[in-house]
Amino acid sequence: MVIEQRVIQIQEDLELFDNDLDKYEYIIDLGKTLEPLEQDQEKDENLVQGCTSKVWLVCEKKENKLYFKANSNAMIVKGLVYILVNLFSNLRPQEILDINLDVLKKLNLSEIITPNRQSGVVGMMKRIKEYAKALKENNE
Amino acid sequence: MYKEHFEYFSNNKSVYLDNAATTQKPAQVLEVMNDYYTKFCANIHRSNYSNANKATTLYENTRIYLQEFINAKENYEIIFTKGVTESINFIASSFVKDNFDTVIISTLEHHSNIVPWHMQGRTLHQGLEVVNCDENLNFDLEHLEELLINHPKSFVSIAHISNAFGKILPIKEIVKIAHKYNALVLVDGAQSLAHIKVDMQDLDVDFYAMSSHKTFGPTGTGAIYAKEEHLKSFKPYQTGGATINDVSFERSIFLDSPYMFEAGTQNIAGVLGFHEALKFINNIGYETIHNDEIQLYSYLRKELSRIKEIQFYTDIKDSIGSLSFNIQGLNHEDIGILLDKQHVLVRCGHHCAQPIMKYLNIEGTIRVSIAFYNDKYDINKFILALHKAIEILKD
């Protein structure tokens with residue numbers, strides 16, 4: 001599956017770092033390259049559930065594929081958001097629904113794989129799946 | 001030097017500074033729980049064979065120990081619960097709901113002392129009032145009195161120590177004022193027993209909610225102290241096995257407190273563990289615990305004060321345990337993640353106290369919360385890690 005290849009690519013990048021601090025500095029740098037949201041897209045209805053930091057997520061559909069854009073008010077979360085946006089974008093709804101999120105464990109990023117009900121990152125993945133489900137149902 | 005009593009610290013090299021969320025458990029707490037499950041596991045207050053009798057006796061001994069620990073008059077004033085959240089929900093549902101027009105809380109409350117009142121249909125100024133605080137989050141006693149005058153038939157429900165900021169509220173004064181206007185007082189003691197001695201006769205509170213897991217005991221266990229004179233006005237909370245004297249299909253006749261409030265099989269191992277945690281505290285002594293913690297808390301504050309971008313929300317007066325702050329221009333969660341990567345464990349967020357965060361116009365804080373087993377080494381490691389986190393985020 002495409003997602004597995006994408007995960008392996010990110011995993012290889014992250015494994016270049018010997019220690020966690022260097023790895024998270026790299027994640028912060030990734031966040032700085034995130035395509036910005038329009039100002040009016042950073043509104044409450046685009047906030048995903050979670051409380052520790054804010055994550056805004058919008059979804060665009062082109063030729064039956066989904067593309068995600070997102071932002072966060074926290075620098076590390078923004079980097080994690082960058083990773084997730086690139087993992088889940090440019091896929092068909094069914095491809096997104098078929099993703100077993102266990103594949104993300106390979107990234108070894110506790111903020112992504114911990115099922116913390118207060119985590120914006122976890123809330124973001126849930127919302128991505130909801131977008132895919134809604135679009136698939138609309139198409140049927 | 002206390003860490004040697006906690007196996008957690010030999011298995012973890014991280015600096016643990018999240019004691020307001022939960023505390024670590026000394027060896028004897030784990031031993032008694034293991035003994036219960038491996039040597040005399042039986043239900044309590046039901047069967048009459050030897051192991052069942054032993055379990056029942058140890059369970060009830062905990063009630064007596066806790067009664068003495070907090071200086072309650074009678075052991076039936078102690079009711080075991082799942083913890084502070086259940087204790088407050090219990091009092092709200094069984095006692096306050098039908099008896100009081102207004103509930104008065106402080107600005108510093110944890111959600112567990114706000115949401116149960118909302119669930120009764122009370123909203124701000126419609127059955128729920130909030131006492132003001134000053135710029136250092138000190139409780140405004142004059143405002144409390146004003147609210148009590150304007151709202152006869154009030155019930156005051158208040159935290160003893162703020163989980164987010166460590167502020168100690170003046171419970172004795174609050175109770176005196178409340179009783180002057182015939183109001184009753186429930187105290188959320190979730191953050192207290194790990195740090196300070198509480199005495200029901202001295203405080204003269206009507207209800208006091210306690211947590212085991214924040215007091216070096218197991219999770220899923222706690223208790224509520226309820227002054228004897230109020231027990232007769234209680235309605236049953238949850239009902240079921242071991243709460244009744246006699247049941248027919250026509251009616252149920254309940255036992256007296258505490259048994260009518262402890263429905264179903266209780267967290268027996270948890271209660272036994274709680275007992276050992278209390279004994280552990282008694283062996284060290286609150287005076288020692290308090291003196292050590294005050295010194296460490298002051299040291300923590302002093303070291304944090306050296307950081308020029310630090311933002312505190314309270315002074316250090318009348319505070320213990322938790323200390324909350326932010327670094328100007330940086331997000332609290334970013335700092336929390338980078339502290340974690342340096343093996344320093346703190347809590348970042350709103351600490352289940354969103355109203356006070358909104359009042360301060362912030363989304364959350366970095367909260368360092370100490371216990372008696374923490375030491376200067378922990379604080380020094382935390383401060384170094386914090387400097388490194390700031391350096392990375394400002395880069």
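In which helix of chain B is D334(B) found? D334(B) is located in helix α12 of chain B, which covers residues 332–341; helices (H or I, at least four residues) and strands (E, at least two) are DSSP runs, numbered from the N terminus. The model is a predicted one, in which local features need pLDDT of at least 70, side-chain atom pairs count only at pLDDT 80 or more, and totals for chains, interfaces and linings use all residues. Residues are numbered from 1 along each chain as its sequence is written, while chains are lettered from A and ligands numbered from 1 in the order in which they are written.

D334(B) is buried, because 28 other C-beta atoms lie within 10 Å. A residue is called buried if 20 or more other C-beta atoms lie within 10 Å of its own, exposed if 12 or fewer, and partly exposed in between, with C-beta atoms placed from the backbone. When residues up to four places away in sequence are not counted, D334(B) touches A74(A), M75(A), I76(A) and L393(B). Contact here requires that the C-beta atoms of two residues, placed from the backbone, lie within 7 Å. The C-alpha atoms of D334(B) and L393(B) are 7.8 Å apart in space, and the two residues are 59 residues apart in sequence.

The contact between the chains involves twelve residues of chain B and 14 residues of chain A. On the side of chain B that touches chain A, two or more residues each are given by α12, β15 (347–349) and α14 (376–394) of chain B. Of these elements, α12(B) gives the most, with five residues. By class, this side of chain B has five nonpolar, four polar and three charged residues. In this classification Ala, Val, Leu, Ile, Met, Phe, Trp, Tyr, Cys and Pro count as nonpolar, Asp, Glu, Lys and Arg as charged, and the others, Gly among them, as polar.

Chain B contains 14 helices and 16 strands. The radius of gyration of chain B is 22 Å, close to the 21 Å given by the globule rule for 395 residues, so chain B is as compact as a globular protein of that length. The radius of gyration is taken over C-alpha atoms, and the globule rule is 2.2 Å times the number of residues to the power 0.38. Along the principal axes, the C-alpha trace of chain B spans about 75 × 55 × 35 Å. Buried residues account for 48% of the 395 residues of chain B. Among contacts in chain B with a separation of 6 or more, 69% are between residues 24 or more positions apart.

Chain B is divided into domain 1 (2–18 + 286–394) and domain 2 (28–283), with bounds that come from an automatic or database domain assignment. The C-alpha centres of the two domains of chain B lie 28 Å apart. Their contact takes 23 residues from domain 1 of chain B and 20 residues from domain 2 of chain B. On the domain 1 side, the elements of chain B that give two or more residues are α11 (286–305), β13 (322–327), α13 (354–359) and β16 (365–369). The largest share of that side, four residues, comes from α11(B).

An open sheet of four strands in chain B has the order β12-β13-β16-β15, with antiparallel pairing; two strands pair if DSSP finds at least two bridges between them. The edges are β12 (310–312) and β15 of chain B, each with a single partner strand, so one side of each is left without a neighbour in the sheet. The antiparallel strands β15(B) and β16(B) are joined by three bridges, and R347(B) stands opposite R367(B) in β16(B).

Chain A has six helices and two strands, and its elements run α-α-β-β-α-α-α-α from the N terminus on. Strands β1 (residues 55–62) and β2 (residues 65–72) of chain A pair in the antiparallel sense over eight bridges. The two strands β1(A) and β2(A) form a hairpin with two residues between them, and E63(A) in the turn has a positive phi of about 50°. K61(A) stands opposite L66(A) in β2(A). Buried residues make up 34% of the 140 residues in chain A.
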